[in-house]
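This report walks through a single protein chain, from its overall make-up to selected side-chain pairings. The sequence and the coordinates come first, and the description follows.

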Amino acid sequence: MNNSHRPGARDRRGERGAALVTTLLMSALLLSAGGALIITTTMSATTAVDSTAEMQAYYAAQAGLDAGLAVLRRNVPSNPSGTSADFRTVVCGAAANCVNNGGNLSTWLTADMRTLSSTNPATSFSLNVRDAAFAPGAPLPPSPYLPRFLLITSTGRGPKGAVKVLQMTVDAFSFEFTVRAAVAIRSHDTSTQAMSTFTIGNSDPHLWNGNDTAVTPQAPVPAFAVTNSADYDGGDGLNTGTLGKAEKAISEDGANVIGAQQLTKINPTDLETWLQTADNARAFLTQMRAEAVTQGRLNPTDFGSPDTPKFSFVDGDVTFNGSENGAGLLILTGKYTQGGSATYHGIILALGDGDVDRNGTPGIGGALVVAKFQHNWDGGTKSYTGAGGFLAPSVATSGGGNSLVGYNSDDVRRAMESLGCRVIGVVEK
């Protein structure tokens, strides 16, 4: 018999080449997947490169802001030397009149200092500094006007044309402070509790002056300010019935008290946060003490001069006698004693003991703030602790002679700047 014939073979003739087609289809799918993987990998690599370039540009912009701060904090000398980096010269340079187009800090930062690496193209930054209170291109007031807030714009440039722009707002003052009076007294929290002592002198001529004695005077302020009724008017209005503690002293020596007002009363809620509650005041002392440690200005032996005002924090008493003097921002927790012809130009914050004692013919130009509250230094927590609110402070002056305690906005400004500027915020543009 012939067995070469296999049943069903004729029926499978139409399936010839199916394996090849299947192989080709699978190959096409694999090639497509491989191509997609190659494209994805290439795109990921490109994205990673672009992301790295953008990050380098961002870091360059950040480096620009850091460099700008170093200039404002006067850690970078000018070239040529002799130009102080105050808040006006960084915008206007040496120009007496200028518009608010912004300075580039080239007096302090050379081209080499703006280039951060040797890559090609180089990673670098450029800066623009202008007065935040005026629109771009607006004329700025002539010197001695100084901006309070600056806008520093840093443009960082990285590889592959990457660009990042950061903008920083800088305050010339390291903490909030507004001159409420030549002498501002944070009274006892209880409105019926007056100061333990308040005397303003009995030997002419002496003067308590709220009128600004600066070269370019600002608006006058009251000579004295208090925060409760017992110190202000006794609760029945000024110059009627029972006299408040400050009201009585001023009424007996009114010719020597001048300014926008002789005496004003301030609501504690309108004060800076650190003077609204005793807990806030203790926290403020803690913060300022830490800053003093950082700057090497805790319990210093020198207190600055009008030409070189300094920040000083004293955990205890401060005494100026004879011809001793100081200038800048002075914060003390103990008693402030000033005698002879000693002078101080700047801001004195007598916070803690809240005790000021003046005798002879001493002078203060700037502003004086007095507040009393419990304050115990805790070395473990490195903070000031205590219970209760504000207590009754004491301000005593015997004699007076030719002394002057008066508001001076220039002295106040220099005092606040002696602590260094602070960053308010940074945004990406």
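What follows describes the fold in outline, then the disulfide, the aromatic pairs and the salt bridges.

**Overall make-up**

The model is predicted, not determined by experiment. Its chain has seven helices and 21 strands, and buried residues account for 44% of its 429 residues. When contacts between residues at least 6 apart in sequence are considered, 62% of them join residues at least 24 apart. The chain exposes about 20600 Å², of which carbon and sulfur atoms supply 54%.

**Cysteines**

The count of disulfides comes to one. This bond is formed by cysteine 92 and cysteine 98, whose sulfur atoms are 1.8 Å apart. Cysteine 92 has a relative accessible area of 10% and is therefore buried, and cysteine 98, at 13% relative accessibility, also counts as buried. Cysteine 421 is buried as well, with a relative accessible area of 8%.

**Aromatic side chains**

The count of aromatic pairs is 13. In one of them, the ring centres of tryptophan 208 and phenylalanine 224 lie 5.1 Å apart with the planes at 40°, so the pair is tilted. Because tryptophan 208 belongs to strand E6 (residues 207-209) and phenylalanine 224 to strand E7 (residues 224-226), the pair ties together parts that are 16 residues apart in sequence. Both partners are covered by protein: tryptophan 208 is buried at a relative accessible area of 3%, and phenylalanine 224 is buried at 1% relative accessibility.

A further pair joins phenylalanine 303 and phenylalanine 320, with ring centres 5.3 Å apart and planes at 80°, so the arrangement is edge-to-face. Phenylalanine 303 sits in the loop between helix H6 (278-295) and strand E10 (310-314), while phenylalanine 320 is in strand E11 (residues 318-320), so this pair ties together parts 17 residues apart in sequence. Phenylalanine 303 counts as buried at 15% relative accessibility, and phenylalanine 320 is buried with a relative accessible area of 3%. These two residues, Phe303 and Phe320, form one aromatic cluster with Tyr336 and Tyr344.

An aromatic ring also meets a charged side chain: arginine 289 lies over the face of tryptophan 377, at 3.8 Å from the ring centre.

**Salt bridges**

Side chains of opposite charge can pair when their charged atoms come close.

Glutamate 54 is partly exposed, at 41% relative accessibility.

Arginine 186 is buried, with a relative accessible area of 4%, whereas aspartate 189 counts as partly exposed at 43% relative accessibility. Likewise, arginine 297 is buried, with a relative accessible area of 11%, whereas aspartate 302 is partly exposed, with a relative accessible area of 30%.

Salt bridges also link residues into a network, whose members are Arg148, Asp171, Glu176 and Arg422.

Key
Residues are numbered from 1 along each chain as its sequence is written. This is a predicted model: local features need pLDDT of at least 70, side-chain atom pairs count only at pLDDT 80 or more; totals for chains, interfaces and linings use all residues. Side-chain values use heavy atoms; hydrogens and water are left out. A disulfide is a pair of cysteine sulfur atoms within 2.5 Å. Buried means under 20% relative accessible area, exposed over 50%, partly exposed in between (1.4 Å probe, protein chains only). Rings of Phe, Tyr and Trp (its six-membered ring) pair if their centres lie within 6.5 Å; planes under 30 degrees apart count as stacked, over 60 as edge-to-face and the rest as tilted. Helices (H or I, at least four residues) and strands (E, at least two) are DSSP runs, numbered from the N terminus. A charge sits over a ring if NZ of Lys or CZ of Arg is within 6 Å of the ring centre and within 35 degrees of the ring normal. Contact means heavy atoms within 4.5 Å. Accessible areas come from the Shrake-Rupley method with a 1.4 Å probe; for residues, only the protein chains shown count as cover. A salt bridge is a side-chain nitrogen of Lys or Arg within 4 Å of a carboxyl oxygen of Asp or Glu.
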